[in-house]
Amino acid sequence: MFSTVLIANRGEIALRVARTCREMGIRTVAVCSDSDRDSAIARYADRCVRIGPSAARLSYLNPAAIVTAALQSGAEAVHPGYGFLSEDPDFAEICEANGLTFVGPPAALLRRLGDKAQAREIARAAGLPVLPGSSRSPASLEEAREVAALIGYPVIIKATAGGGGRGMTVVRDPREFGRSWARLRAVAQATFNDPRLYLEKFLENARHVEVQVLGDGNGDVIHLGERDCSVQRRRQKLIEETPAPGLPGELADRIRAAAVHAAREVRYAGAGTYEFLVGDDGDFVFMEVNCRIQVEHPVTEQVTGIDLVREQLRVAAGYGLSVTQEDVQPRGVAIEVRVNAEDPERGFLPTPGVLDEFLPPSGPFVRVDTHGFPGFRVTADYDPLLAKVTVWAPDRRQAIERVDRALAEFRVTGRGVHTTRDFLRRVVANPVFRAAKHTTGLVDELAVEDAERLRLAG
């Protein structure tokens, strides 16, 4: 096993990885930008190395700075967390070229599955159903228009190198297509350093269901059940739970089997997530693969008792998986809510500021993954996630009651800082959510209700 691991990330996921490392007797090296020098991970890790200014492109997205920090601190491996460089094949290659183990799939596999258009074709070749769409990035706007017309509106334009819900836009009218295409190309270049885009048919009011897989890189792949991630705003997840509620058992079995089959076909290594959409026709289609630990991984850990980061480290170090499919015995229900520093009343606009009060919930079967504390500065440079609150209960009704209780206890204040806490409470109280009839359109429906209420009040 590794003796020292550098964690190439920040925030709650950096702490999350460091804690498992400490339990395994692995020394940790954190990296931090100038604005994160007093962060929780900087204090927790055995050593912290400053890697640059606050702007992510000059620090957490700077492979040279991170690899230099790893080599100078004696690290043998680099855990990328999620986001930033976690699915960048070039970064994985640079690590490997410098004698560092990248904790994740090998660069060649990241390159194949990280290209979302190519991943669609790999999934199709493995026999998975996929939505009508482009098999590669169109070479021109004219070609893209032709593909969109062939698919039929509405269509969704996606960044080829995107992921995690970022780099997508829905186009419902052909007259909007050119402007949307140009705008997303610019976003893709700025965000992913890759302007390529591709197209899919947009599935209205679908459910987002994903399967957690673990692979040893030699063809042994298991699943750890499915998660429902349908509560989203602008295709960014807000609430996740497992098992997916209201999903027929036979359909859940088929989705899990499809994910395992597809992962075996590519000899997947480490933790990964196969994402699907379930339409109102009751069937499913492949969407994408995320080749990293997911933000929502705690719900899976809560029902299975399996530490996913530990499994990642084991596979990367050549020890293989510690569990078999027969060992995976999910129990009960887990729900995770993301408390972000955002203002739902203003379209989920991020709200930077300094936290005066930060008191997370506690109590039975409540897990809080956070890097917040009183005095913590929320900056506009990074993702506004403040905390993930995950609860476990024997059944869904109790889990909903528990997560609402936990959210009610959560106190976060700071000048100018708003959070999604109350909005999340509103969602879990919603009868459609409680009946497990919600889709990816739920948050938009609530926004329409808000607009109508304000109109009547005004």
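Contact here means heavy atoms within 4.5 Å. The model is predicted: local features need pLDDT of at least 70, side-chain atom pairs count only at pLDDT 80 or more, and totals for chains, interfaces and linings use all residues. Residues are numbered from 1 along each chain as its sequence is written, and side-chain values use heavy atoms, with hydrogens and water left out.

**Stop one: Thr160.** Select Thr160 in strand β6 (residues 155-163); strands are DSSP runs of E, at least two residues, numbered from the N terminus. Thr160 is buried, at 1% relative accessible area. Buried means under 20%, with a 1.4 Å probe and protein chains only. Show its contacts beyond four places in sequence: among them are Gly114, Ser137 and Tyr198.

**Stop two: Ser73.** Move to the loop between α3 (63-72) and β4 (77-79), where Ser73 lies. Ser73 is buried too, with a relative accessible area of 7%. Its side chain reaches the backbone oxygen of Ala70 at 3.2 Å. Arg47 is one of the contacts of Ser73, as are Thr4 and Leu6.

**Stop three: helix α12.** Select residues 396-409, the 14 residues of α12; helices are DSSP runs of H or I, at least four residues. Colour the buried residues, including Ala399, Val403 and Leu407. Look down the axis: the buried residues of α12 fall within an arc of 165 degrees, taken from the directions from the axis to the C-beta atoms, so they line one face of the helix. They pack against several elements, including β11 (236-242) and α13 (421-429).

Definitions and conventions:
Buried < 20%, exposed > 50% of the residue type's maximum accessible area, 1.4 Å probe, protein only. Expected span 1.5 Å × (residues − 1). Polar contact = N/O pair within 3.5 Å; in protein donor to acceptor, adjacent residues only side chain to side chain.
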